[in-house]
Amino acid sequence: QLPAQLASKPDRTYIFSHITQAAGLMSNQVNTTLQDEDGFIWIATSEGLQRYDGTRFTTFRHSPVDPHSLPANIVVKMMLDREQNLWLEILGGHIGVFDRKNFTFREAVMRPSKVASLGQQIEKLGCDDEGKVFVHYGGTEVVTWNKITNEFTPANNTFKQLDEWKITDYAKQPGAKKYWLGILGGSFAIYNAVTRHLNYTGHNIDQEPAIDYYNKIENVLHMFFDSKGRLWFISWNV
């Protein structure tokens with residue numbers, strides 16, 4: 001028998017709409033969606049970017065005669081940063097901000113330190129709790145955006161890493177000046193921006209518990225911190 005406070009609550013009714021190409025969706029391949037502060041739904045598809053207001057679609061695609069249009073039509077990832085800029089990753093390694101008022105795209109300059117990065121898949125386009133926008137090239141490195149120069153480079157990173165490392169994943173610990181790195185063939189490294197120490201197996205200056213506890217795991221992927229400050233990840237050993 002249900003408790004009285006639960007039994008007295010009315011059932012909720014949810015209404016779902018199945019939106020198809022017949023309603024204006026450009027493609028059945030939808031890579032990601034998000035809702036902005038104005039209530040618009042933004043949809044990243046294989047045929048362009050779309051904005052949905054609940055009734056109508058507005059579509060944005062590449063135009064060879066418009067230098068401010070999307071550089072290609074396959075939109076892979078989207079993100080709103082802390083200033084509510086709409087970031088897009090577009091097939092071909094294009095990263096930039098889509099102006100939601102003027103409907104123009106401003107591409108950022110990508111300057112990784114490793115040549116191999118430009119041939120790697122972009123695993124993560126993210127924004128940390130300090131508002132810093134970053135890109136993680138899978139298996140190579142992380143680069144951070146500079147608003148003034150409109151460039152993503154490792155020189156803008158707050159954290160440090162060893163040049164020979166290949167980074168499998170990256171996450172900043174919310175509310176702390178700690179930056180967690182996954183290392184190909186190894187486990188974690190933690191850079192503490194307060195002490196300016198880079199901690200990893202065999203070099204754990206700050207005596208970070210996770211470094212010693214997880215020193216047997218390898219190839220950490222898909223790291224994120226939940227609302228309780230817990231780090232989630234997956235790993236696999238060769």
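A search through the whole structure turns up 1 cavity of 30 Å³ or more. Keep in mind that this is a predicted model. How does anyone look for such a space? Rolling a probe the size of a water molecule over the atoms shows where empty space is left.

How much space lies in the largest cavity? About 50 Å³. D128, K132, F134, T144, N157, T158, F159, Y170 and Y179 line the largest cavity. Sort that lining by class. You get 4 nonpolar, 3 polar and 2 charged residues.

Let's step back to the whole chain. The protein chain has 238 residues, and 39% of them count as buried. Its secondary structure comes to 2 helices and 19 strands. Its C-alpha atoms fill a box of roughly 65 × 60 × 35 Å along the principal axes.

Next, the sheets. I'll take two of them.

Here is one. It is an open sheet of 4 strands, in the order β5-β6-β7-β8. The pairing is antiparallel. Which strands are at the edges? They are β5 and β8, the latter covering residues 104–107, and each pairs on one side only. From one strand to the next, the twist averages 30°.

Now walk through this sheet pair by pair. Strand β5 is residues 75–80, and strand β6 is residues 86–90. These two pair in the antiparallel sense over 5 bridges. β5 and β6 make a hairpin with 5 residues between the strands. In that hairpin, Q84 takes a positive phi near 65°.

On to β7 and β8. They run antiparallel too, joined by 4 bridges. Which residue of β8 is the bridge partner of G96? It is E107. Move along to V97, and the bridge partner in β8 is R106.

While you have strands on screen, one general point. In a regular strand the side chains alternate between the two faces of the sheet.

Now the other sheet. Again 4 strands form an open sheet, this time in the order β14-β15-β16-β17. The pairing is antiparallel here as well. β14 (167–173) and β17 (197–200) stand at the edges. Each has a single partner strand, so one side of each is left without a neighbour in the sheet. The twist averages 20° from one strand to the next.

Strand β16, residues 188–192, is joined to β17 by 4 bridges, and the two run antiparallel. Pick out Y191 there. Its bridge partner in β17 is L198.

Last stop, the core. In soluble globular proteins, nonpolar side chains tend to be buried together. Here, the largest nonpolar core has 14 residues. Which of them have the most contacts inside the core? They are W87, I95, M110, L125, V133, V135 and F152. β7 (94–99), β10 (122–127), β11 (133–137) and β12 (141–146) are the elements that give two or more residues. β11 gives the most, with 3 residues.

Notice the link back to the sheets. β7 sits in the order β5-β6-β7-β8, and β7 also gives two or more residues to this core.

That's the tour.

Technical notes:
Residues numbered from 1 in each chain as written. Predicted model: local features only at pLDDT ≥ 70, side-chain atom pairs only at ≥ 80, totals over all residues. Heavy atoms only, no water. Pairing = 2+ DSSP bridges. Axes fitted to C-alpha atoms, helices over the stretch in contact; angles between N-to-C directions. 1 Å grid on protein atoms, 1.4 Å probe; cavity = no way out; pocket = protein on both sides within 12 Å on 5 of 7 lines; lining within 4 Å. Points joined across faces, edges and corners; volume = space filled by probe spheres on them. Nonpolar A, V, L, I, M, F, W, Y, C, P; charged D, E, K, R; others polar. Core = buried A, V, L, I, M, F, W, Y, C linked by side-chain atoms within 4.5 Å. Buried < 20%, exposed > 50% of the residue type's maximum accessible area, 1.4 Å probe, protein only.
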